[in-house]
Amino acid sequence: MAEPLELKKTLNLPKTDFPMKASLPQNEPKQLAAWQESHLYERILEARKGKPLFVLHDGPPYPTGEIHLGTGLNKILKDLVVKSKSMAGHYAPYVPGWDCHGLPIETQVEKELGGKGKVPPAEFRKLCREFAARFVELHKKDFKRLGVFGRWNDPYLTMSHDYEATIAGAFLDFIEKGYVYRGRKPVYWCIHDSTALAEAEVEYEDHTSPSIWVKFGVVGGGKGDVTKIGRDVSAVIWTTTPWTLPHNRALAFHPDFEYAVVETEKGALLLATERIAALQAESGIKEARVRATFKGRDFEGMKFQHPFLPIQVPGILAGYVTLDQGSGIVHTAPGHGADDFNSGQKYGLEIYAPIDDKGVYLEGLPEYKGKDVFTANPIIVKLLGERGALLGHHEFKHSYPHCWRCHNPVIFRATEQWFIKMDQAAHGSSKTLRAEALEEIHGVKWIPAWGEDRMYEMIKERPDWNVSRQRFWGVPIIVFYCDTCGKRLEDFKALRNVVKWFEKEGADAWYSHTPEELLPAGTKCVCGGAKWRKENDILDVWFDSGSSCLAVLTPKNGLVEPGQDWRAAEVYLEGPDQYRGWFQSSLLVAVGIKEKAPYKSVVTHGWTLDEQGRPMSKSLGNALSPLEICEKWGADLLRLWVASVEYQADVKMSERVMTQLSEAYRKIRNTFRFALSNLGDFNPSRDALPCDELEEMDRWMLERTAELMKKCREWYANYEFHRVYHAIHDFCVVDLSALYYDVLKDRLYTKAAKNKSRRSAQTAVWKITSALVRLAAPILVFTTEEIWKYLPKSAGDPGSIHISEFPDATALMTGLEDEKREAWERLLGIRSQVLSALETARDQKLISSSLEAKVALAPKTDLSQEARQELFDFLRSYLPYLPSLFIVSQVEVSTGVIESPGSVSQVGPRGELIVVVHRAAGAKCERCWNYSTHVGENKRYPTICERCSEALAEIETRLAVHN
């Protein structure tokens, strides 16, 4: 007879080359190189050919500097969407893009040049293009480092020839449809950058302005009793923009408000009755006796003397006058405000704003002429004081519009600009652009839901779209003027010839060719003239990015179904600022050209904040860049953070957060490592058991995995990534590590290697791991690829996990009856009671490990006879499973428990079960460490229990057959 086997060598101890330490910062770049070399992105698309199309259209960031945490959050969220849709069985290409035109690039290039106007426009555009291209390449590298897959070798760029041609063509479409006009209106104007700004290019920041109360003397006129008001009265206005007073052309009254003439030590003053107290508080007036009251409507047509100019201005009526601030009488300068302008149009007032692009007065009194508006503020305040018109003056801190790029305060200035009219219907249509856009908003799914109301209100209230800019780096407005008569060319066939030039040479063609070269030969004006001059303005950068739906969602990019020339994207995903930016401009361009929204759903994420809830910035020293995180913790940890947060609100990040996530990651990784370490000798095609041959607990865990799979796939579909992460984490830590895998250790380690019971456990572990690793793949892109390399494969499994698809939940279901599923859930509750009792036994030094315990279970005696019998029968039916489930050596079930000296007794929280912990009977098995009264009965192996005797007999039999 052969020598007895060495007991340790008969155990199936865990073994795997999958490392415990991830070393993500070192290993992720190697994996990236391997993916690039194997063209993984292209292989994924090839594997998904013929599947339903899903398009996330990338909102283009500006290539002006290093990516920050907010950019990383945005790109990883998009990647989670695309990867999860791909693994759910969609053809999901991702074409990244960059918004290369506009003020952000110009500002950076001007900094490098040392100022404005240093080089000719053509050379300046060349430098802008080079700058943008340089940072596009840097961004590409950084985004790929985050594990984001996409068409990085051929992204879309708003400065590409095709894209610039699309922008120019789209604007011509708007002109041809009748939406576009050129007009003189007040617009936001940056005097630092000398350009008009759209609402989306204005940010509100704190600013200190002079707050002044000013007198306009009554000249006469008006209606009814107002005509007898007296020339000793002065109307009072309040303003925080003294620089606009030289351009005042009216005083606005609310028709329904009550106005009073009050006798004060500073003269008889006219203002809204409800604002008398405010005037006293801010101007130091002590006495204010009401002489008479009037309705605002009666002041229409009354004349008032300008405080320092030799002009008289009329009283007008306006519904926008409020009683929140000021005097209830609004100083009206039609060249410097939207409401003022509208009132000016209604009353035929002069639209007067004689200041240049730098905000310098071109006309006016010597005191301020030649000064810029902000320099003029204190000068005008002093002038008012000298003329006896200043009632009160103090500094006023308030929220004021600033340029989004240079962060300097902006002004409202009436200039000649190009506008898209919101309340104009296209030729042949009955609906205005605004009406069509509002209608389309209701057909979009907004996540969060408040996005619908936010977008609706923005479109509903927005003014006409100012689409012209006084810059160089952008797409020029394709407009020509006749040199002879000045009339604009309206031959659209001729104008579209310029688009062909752009397709060949890009928008630079506008600056390198004459009008006669750009237009078809012989193009003439209706007056007979054949000489043309070009428009100098370029298009708003938001029109550029808004045209991305036209330039990118095309057959050429593979983003439409066969036979389509255009289709809306499934989703846009950006930050909350894009409601007034890209979401809005895209909607207006798409509705104007395609009469349809460019997106089927819109997802919004919040801002990134530090641990104290402050915005991250270098100046505060609280910024964590994505690349710093990758270097210290790895991209998978950053991706785990993105997946863990409820991103639709503002999200916090700190080193403490990353440390906590590192621990969560370690637990997830170790769960997978345990599985891999117990599958080294498992070949799915050879060793996997059919469902009906699996042990009941294994079937139950597969059913729980199927339930997890179903829920997570629904959460992925709804972009609820934090639910996916928490479910995977909890399943790994609670369901697997703390329960199932803990229970399985005895079976996996001590059964004969090919024992059916062990193969049942391995089959379940393999199926669970295969499903779970694919479920986690969109989040942990590097780690899951590493796991996939070590996981036993079934026939047809691809080389990369990212080419695989999520398993269908039904594929994991075993047909376990509902009553048995319920039984295991019930056993889980009983297990919790037993573990609590075992912990008490440890605390009382009865046992040091659970295998030293024998657990006795019995129904409580005060239960009904029927309930006691049912519980007893239930426990008896599962008695063979209970020792391994509780991880104890022995379990007995009886109708009543008799406690022995030294035992620990505990009543379960449901009050129906008594749990008593005793010291286990018998001796400790040298091989499995369980206690048994049968240790010593096997003469060949006298130190092992009856269970190990069976295992060794099976092992020796197989060895004998093999030999």
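User: How are residues numbered, and what pLDDT do local features need?
Analyst: Residues are numbered from 1 along each chain as its sequence is written, and side-chain values use heavy atoms, with hydrogens and water left out. Because this is a predicted model, side-chain atom pairs count only at pLDDT 80 or more, totals for chains, interfaces and linings use all residues, and local features need pLDDT of at least 70.

User: Which element gives the most to the lining of the largest pocket?
Analyst: On a 1 Å grid over the protein atoms alone, a pocket is an open set of points with protein on both sides within 12 Å along at least five of seven lines, a cavity is a set where a 1.4 Å probe fits but cannot get out, and lining residues have an atom within 4 Å of a point. The largest pocket holds about 1,900 Å³ of space, a volume being the space filled by probe spheres set on the points, which are joined across faces, edges and corners. Its lining has 48 residues, with His68, Thr71, Arg405, Asp577 and Trp607 nearest the centre. Among helices (H or I, at least four residues) and strands (E, at least two), which are DSSP runs numbered from the N terminus, the one that gives the most, with six residues, is helix 3.

User: Which residues lie closest to the centre of the largest cavity?
Analyst: The count comes to four cavities of 30 Å³ or more, and the largest cavity has about 120 Å³ of space. Helix 3 gives the most to its lining, with five residues. Of the 15 residues that line this cavity, the closest to its centre are Ile44, Val82, Lys83, Ser86 and Phe149.

User: Is strand 26 largely enclosed or left open by the rest of the structure?
Analyst: Two strands pair if DSSP finds at least two bridges between them; strand 26 pairs with strand 29 (residues 913-919) in the antiparallel sense over seven bridges, and with strand 27 (residues 890-893) in the parallel sense over four bridges. Buried means under 20% relative accessible area, exposed over 50% and partly exposed in between, with a 1.4 Å probe and protein chains only. Six of the seven residues of strand 26 (residues 853-859) are buried, so this strand is largely enclosed.

User: Is the pair of Phe174 and Tyr179 stacked, edge-to-face or tilted?
Analyst: The structure holds 41 aromatic pairs, where rings of Phe, Tyr and Trp (its six-membered ring) pair if their centres lie within 6.5 Å, and planes under 30 degrees apart count as stacked, over 60 as edge-to-face and the rest as tilted. Phe174 and Tyr179 are both buried. Their ring centres are 5.5 Å apart and their planes at 50 degrees, so the pair is tilted.
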